[in-house]
Amino acid sequence: MSSDVRFTDFKSDKQPTWCPGCGDFGTMNGMMKALAETGNDPDNTFVVAGIGCSGKIGTYMHSYALHGVHGRALPVGAGVKMANPDLEVMVAGGDGDGYSIGAGHFVHAVRRNVDMSYIVMDNRIYGLTKGQASPTSREDFETATTPEGPKQPPVNPLALALASGATFIAQSFSSDALRHQEIVQKAIEHDGFGFVNVFSPCVTFNDVDTYDYFRDSLVDLADEDYDPNDREAAKERVLDADKEYMGVLYQDDESVPYGKQHGLDSNMSEVDEGAPDGATDLVREFY
Ligand code: SF4
């Protein structure tokens, strides 16, 4: 790893095709800055992306990358990290990708606690397919396919993560550049699965969950006397029906990632007689 890496080193030569003003620009900039600030460089970083507007991010970032199938980015990211623990693995996707078709993978990735970060660009709509209600759309959000709204309560990804045993839960806003970067940095530095739900507005298809809405309504936990190690306090915040929060809602400082729990934190790419160097019996049985 180079110590003089700049965030621009993480930019690829591909021009994003996101709509002008899309929140994903700010989300990606914060991710690149956080990676650079935590001492990573493109040679040790692996970005796994899902499907959707957000899923294009692996093309726009300069690193190892894989554009996964819909909802399946998390198990790929876990496999990459298990195969080569020296890599910084960042999985990225949207609310449709992560909380609908990928919801099962989300729950199990959370409870498995592999040491990687998961950045969800939550715009509360399916943007790439031209504006259908997503799992986080409001109950009364009118779209062409749900003219009276989806008529079901939205998924609460923070509560789902907490209930599944998450060791790191955070929420940020793509337009609050410094705060977003700082929160993603903490997710990267966390010893385990660092989950960040990022409000990343879709300026083309969502005229409700806008930049103004998040700017006016988000409550920053940095302005409160808040202890992210307090699980009960986190429970109150993630179930608060009246307010939405920005910051690290929960962090378990005692977190032991899956690889360390099972002796899989040495580099499996160093193959010795058909089995990975340093592998435990748990892994050897697969060879
Ligand atoms: Fe962004 Fe929405 Fe455009 Fe997709 S459709 S690029 S989410 S603004």
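**Close-up views of a predicted model**

**View 1. The shell around the ligand.** By class, the shell around the ligand in this predicted model holds seven nonpolar, three polar and no charged residues, where Ala, Val, Leu, Ile, Met, Phe, Trp, Tyr, Cys and Pro count as nonpolar, Asp, Glu, Lys and Arg as charged, and the others, Gly among them, as polar. Among the residues around the ligand are Trp-18, Cys-19, Cys-22, Cys-53 and Asn-123, each with a heavy atom within 4 Å of the molecule. Residues are numbered from 1 along each chain as its sequence is written, and side-chain values use heavy atoms, without hydrogens and water. Because the model is predicted, local features need pLDDT of at least 70 and side-chain atom pairs count only at pLDDT 80 or more, whereas totals for chains, interfaces and linings use all residues.

**View 2. The crossing of helices H1 and H7.** The axes of H1 (residues 23-37) and H7 (residues 177-189) come within 8 Å and cross at roughly 50°; the axes are lines fitted to C-alpha atoms over the stretch in contact, and angles run from 0 to 180 degrees between N-to-C directions. Helices are DSSP runs of H or I with at least four residues, strands are runs of E with at least two, and both are numbered from the N terminus. H1 and H7 are therefore oblique to each other, the class left over when angles under 35 degrees count as roughly parallel, over 145 as roughly antiparallel and 65 to 115 as roughly perpendicular.

**View 3. The open sheet.** Eight strands form an open sheet with mixed pairing, in the order E2-E1-E3-E4-E6-E5-E8-E7, and two strands pair if DSSP finds at least two bridges between them. The twist averages 25° from one strand to the next. Strands E7 and E8 (residues 244-251) run parallel and are joined by three bridges, and Leu-218 has Glu-244 in E8 as its bridge partner.
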